[in-house]
Amino acid sequence: MTTSTAAHTSGDPLPAARRGDQSAFERLVAPERGPLLAHCYRMLGSLQDAEDALQETMVRAWRGLPQFGGRSGLGTWLHRIATNVCLRAIERRPHLTLPVGHVPAADPAAPLAPPPVERLWIEPLPDALAGIGDGAVSPEARYEERESVELAFVAALQGLPPRQRAALLMRDVLGYAPAEIAEALDTTPAAVYSALQRARAAAEEALPDRSQQAVLRAVGDAGVRETVARWVRAWEEGDVDALVGMLVDDAAYAMPPTPTWYRGRDDIRAFLLARPFAEGRRWRTTPVAHNGQLAFLASAPGPDGRWAPHAVEVLTLAADGRVAEVVAFLDPALVARIAPPPPAR
């Protein structure tokens, strides 16, 4: 790879990138990195796998750029590469899900189950990494950007056959025409229509009646701010009754990578008292932005007394604004990678 001063001054980096200028290539693809990461995450359900797929996509794009004719837009071309990279990745590992519904709810008196040897669980996506914004990517899209990375949506996608998943994402999230999707998947528009019909039916059956974006709008900004403040205050004051009071009666509380999860306020209360709020445990809780949902970073004092990230909690709200589900991601390596440092207070 070579560099060129002209690449830094030219308005269009494409010609220099085609000649092998790496800095021009980086400028060319920079605006596409966030959307591509989000697409790979939707396809794969894992931030780690999505980052690997994005890296492979960029390598393939760099090598193939001299043959890029510009007949389709750069973003379309890159998404086509990324989709096929993801399809190959899916062949090499099991599809991911979430503990709730995958295994039975646990007894809070029993010990936590060990994490599975294989990675089985969907991972959270920080909104900032993928540049997730409000509204839809395209007028042709059926789903908003934030809606399309919600945990329930990503989980529903992982239950689809890979090519149906790709067709649904390319049409209903990215807004590509069936002919473009057919070219990307090396199939026919008729096959794309058929895959879309089956994928939409399966996704609608798996998805909740209302997305979190619709619920958050109904709750309103003031209601959301109140929920955030109450959640932070309850954790930091160790007020289990206040936390449980924010839950719906049949709320779920999951903690991947352990498959253990709990159903119902009584069992969740028993778990909270026995573990997170056992004698002497303290927490700092910071609002963060993950999967377009309410989310929090929970930090605890380490052996040296310094506060360290412990978990990222992603909340799903019920229609009345109470908390229907908490997914507390506890994998230390994952949390360390995606969590900002806890603020000093």
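User: Hi! How many helices and strands does the chain have?
Analyst: Hello! There are 14 helices and six strands, where helices (H or I, at least four residues) and strands (E, at least two) are DSSP runs numbered from the N terminus. This is a predicted model, so local features need pLDDT of at least 70, side-chain atom pairs count only at pLDDT 80 or more, and totals for chains, interfaces and linings use all residues. Residues are numbered from 1 along each chain as its sequence is written, and side-chain values use heavy atoms, leaving out hydrogens and water.

User: Which residues touch the most others in the largest nonpolar core?
Analyst: F25, M43, L65, W77 and L151, out of 76 core residues. Such a core is a set of buried Ala, Val, Leu, Ile, Met, Phe, Trp, Tyr and Cys residues joined through side-chain atoms within 4.5 Å; buried means under 20% relative accessible area with a 1.4 Å probe, protein chains only.

User: Nice. Which helix gives the most to this core?
Analyst: Helix α3, residues 22–44, with 11 residues. There's also a second, separate core of 34 residues, including W235 and L317.

User: Switching topic: how much of the chain is buried?
Analyst: Of its 345 residues, 52% count as buried.

Methods. Buried < 20%, exposed > 50% of the residue type's maximum accessible area, 1.4 Å probe, protein only.
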